[in-house]
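Here are my notes on the model, as numbered points. Please keep the structure open while reading.

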Amino acid sequence: MIDKLGARRMYFLAIALWSVSTALMALGSKMWQFITFRALLGITEAPNSPASAKVTAEWFPRAERAQATAVWDSGSKWGPAIAPPILTAILLGFGWQAIFVFLGVIGLVLSVGFFLFYRSPEEHRRLSAEEFELIRRDRADSAAPAAKISWFALFKHRQTWGLMAGFFCVIWIWNLFIVFLPLYLQQARGVSIANTGFIAAVPYLVAAVMGLVGGYIITRYARRPGTSPLAAKRHVMVAASIASGALVCLVPFISDLTLSMVVLSVAMGCIATMTSAAWAMPGDIVDTKQVASLGAIMNFGGYFGGAFSPLVAGMIADATGSYTPSFVLGGIIAALAAFAYIGLVRRPIGAERGSEVVTA
């Protein structure tokens, strides 16, 4: 729908409906109502990141997309870092329902602002002719096929499955922290509820900064002679995957709280670099007209990991009384992402095998 209707329309609808879904949580009083509203939240959330990838592909040359993606993807790290103390104050002052109303109103304002101000390069009145020519020339010079591939045909290519498998591993470990980090700090590390929000914010702050740095490194790397933007992303993602996996496995075995949080923060920074690079990858693999479609398929695979991760971790914690096995399993899965990107995501879909010399 994003590729057919455009990022501007779909982003506006997604953010607006997502905000309404969030506000509806304030009306819930029974479990089935919360489950319904959460399902609606998931449906309306789905277009957001693919739309962001589409906007990035429309506006930025391929060599710069990792940095641009890192900027907007950092929002998913700044949010969990900044929100806890603000939402806690709202909770204590006005009750839990006010949290969802507050977030819903902010989201609606954001959706209207985006619709009013965003334009594609072809429609932007203040875009210079020189910059538009740069964007147009970058699209024309792409190694990705000029001819459009059908949506179903995307599943015939190993690059699609590589993106799905790699993102499955990335979102597995990311959602593990989103769901269980506060509980882990309280139950395994003895941190009080009052201090949990502040301590849990630190890894997200580090992740936001490291994600931006990772995007900068990829951008500089991609400008080296003989290195394609896709190759730069793959190489950095492989290194970040192995590093994050090793660090996550170490966390539960470090007795000192401060040192364990340092290690955890660096691990989440590596994962943040992977998420931003992953969202920039579809623009290297298919034509700009299909970036949202491929990104959404990648996201589909990723959130299978995001769905199963807290379920499996919760079952393990219930069975063993410990979070250590879940951390070790998550670290192994994070490291496995390297194999998906090494073996399956080597060149654009439809590119001649000779292009692998510069994209491998």
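1. Terms for helix packing come first. Angles under 35 degrees count as roughly parallel, over 145 as roughly antiparallel, 65 to 115 as roughly perpendicular, and the rest as oblique. Axes are lines fitted to C-alpha atoms, for helices over the stretch in contact, and angles run from 0 to 180 degrees between N-to-C directions. Helices (H or I, at least four residues) and strands (E, at least two) are DSSP runs, numbered from the N terminus.

2. Basis of the note. This is a predicted model: local features need pLDDT of at least 70, side-chain atom pairs count only at pLDDT 80 or more, and totals for chains, interfaces and linings use all residues. Residues are numbered from 1 along each chain as its sequence is written, and side-chain values use heavy atoms, with hydrogens and water left out.

3. How do the axes of α5 and α10 cross? Helix α5 (residues 65-73) and helix α10 (residues 193-222) have axes that come within 7 Å and cross at roughly 170°. The two helices are therefore roughly antiparallel to each other. On the α5 side, the contact (heavy atoms within 4.5 Å) uses Ala66, Gln67, Ala70 and Val71. From α10 come Gly211, Leu212, Gly215, Tyr216, Ile218 and Thr219. By class, six of the contact residues are nonpolar, four polar and none charged. Here Ala, Val, Leu, Ile, Met, Phe, Trp, Tyr, Cys and Pro count as nonpolar, Asp, Glu, Lys and Arg as charged, and the others, Gly among them, as polar.

4. On a 1 Å grid over the protein atoms alone, a cavity is a set of points where a 1.4 Å probe fits but cannot get out; a pocket is an open set with protein on both sides within 12 Å along at least five of seven lines; lining residues have an atom within 4 Å of a point. Grid points are joined across faces, edges and corners, and a volume is the space filled by probe spheres set on the points. The whole structure has one cavity of 30 Å³ or more. Leu176, Phe177, Phe180, Leu181, Tyr184 and Phe327 line the largest cavity. Helix α9 (residues 158-187) supplies five of them, the largest share. The lining has six nonpolar residues, no polar and no charged.

5. The second largest pocket. Its volume is about 460 Å³. Among its 18 lining residues, Gly6, Lys54, Glu58, Ser120 and Glu122 are the closest to the centre. The lining has eleven charged residues, four nonpolar and three polar.
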